[in-house]
Amino acid sequence: MIRVMLVDDQELVRTGFRMVLGAQPDIEVVGEAADGLAAVEALRTVEADVVLMDVRMPRMDGVEAARVICAAPDGPKVLILTTFDLDEYAFAAIKAGAAGFLLKDVPPAELISAIRSIHSGDAVVAPSTTRRLLDRFAVLLPEGDARREDAGVLTAREREVMVQVARGLSNSEIAARLHLAEATVKTHLGRILAKLGLRDRAQVVVYAYETGVVAPDHPRG
């Protein structure tokens, strides 16, 4: 059973999510909160596997709440829901440790699939939205940071895999494009995470854009 906490300042939104998720045999809504601070406090007594988190909320927004929740050892995974006018907040939340983000108008089936994927240890950076979201606010990204040189520790193949991950491709799509076995792609991704000290697939996307390994509309591989 996947235990989910809903965090959104609109009760009607939480009700809708609760109805959709509650109909799934493997998902249980174990708690709700109207803002980030209430979520952080609730998680001291409520055990959850995945936190479905809105971004803009009173008292403590979703970005700060994600940072606090993800900093805790063995804490739940955080899935951010965003809209196009809040792209930079979603990006900041991924950097803070959130396992992924989806648009708020995501179809129920895609939301359910994302929750299951995150619970199984994957990260969700929806291919259908990754490029649009990142391209839209890429001008807000820094030119690069002190970690730029870290990419030099990657092999040529690992760098190729990183570029494809940043473009929003799944492991199976990367395998087809690079003519590799899917298990080999997973191995390369694991090495990328280990070498760069990144948490998951979502942070690989952030890293690739931030450090210039990939630039909007001008991928460099």
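Does D35 count as buried or exposed, and at what relative accessibility?

Good morning, colleagues. What we have here is a predicted model, in which local features need pLDDT of at least 70, side-chain atom pairs count only at pLDDT 80 or more, and totals for chains, interfaces and linings use all residues. Residues are numbered from 1 along each chain as its sequence is written, and side-chain values use heavy atoms, with hydrogens and water left out.

Of its 221 residues, 49% count as buried, where buried means under 20% relative accessible area, exposed means over 50%, and partly exposed lies in between, with a 1.4 Å probe and protein chains only.

Now to the opening question. D35 counts as buried because its relative accessibility is 8%. The residue is found in the loop between β2 (27–33) and α2 (36–42). Its side chain makes a polar contact with the side chain of R59, at 3.1 Å. A polar contact is a pair of N or O atoms within 3.5 Å; within protein, one must be able to donate a hydrogen and the other to accept it, and residues adjacent in sequence count only if both atoms are side-chain atoms. Leaving aside residues up to four places away in sequence, D35 touches V7, M57, P58, R59 and M60, contact meaning heavy atoms within 4.5 Å.

I turn next to helix packing. The axes of helix α7 (residues 156–166) and helix α10 (residues 201–210) come within 9 Å and cross at roughly 100 degrees. Axes are lines fitted to C-alpha atoms, for helices over the stretch in contact, and angles run from 0 to 180 degrees between N-to-C directions. That makes α7 roughly perpendicular to α10, a term for angles of 65 to 115 degrees. On the α7 side the contact is made by M162, V165 and A166; on the α10 side, by R201, V204, V205, Y207, A208 and Y209. Within α7, the buried residues include M162, V165 and A166. Just after this helix, G168 takes a positive phi of about 95 degrees.

A second pair is α8 (residues 171–178) and α9 (residues 182–196), which pack at an angle of about 105 degrees with axes 8 Å apart. These two helices are therefore roughly perpendicular to each other. Here N171, S172, I174 and A175 in α8 meet E182, V185, K186 and L189 in α9.

Definitions and conventions. Helices (H or I, at least four residues) and strands (E, at least two) are DSSP runs, numbered from the N terminus. Angles under 35 degrees count as roughly parallel, over 145 as roughly antiparallel, 65 to 115 as roughly perpendicular and the rest as oblique.
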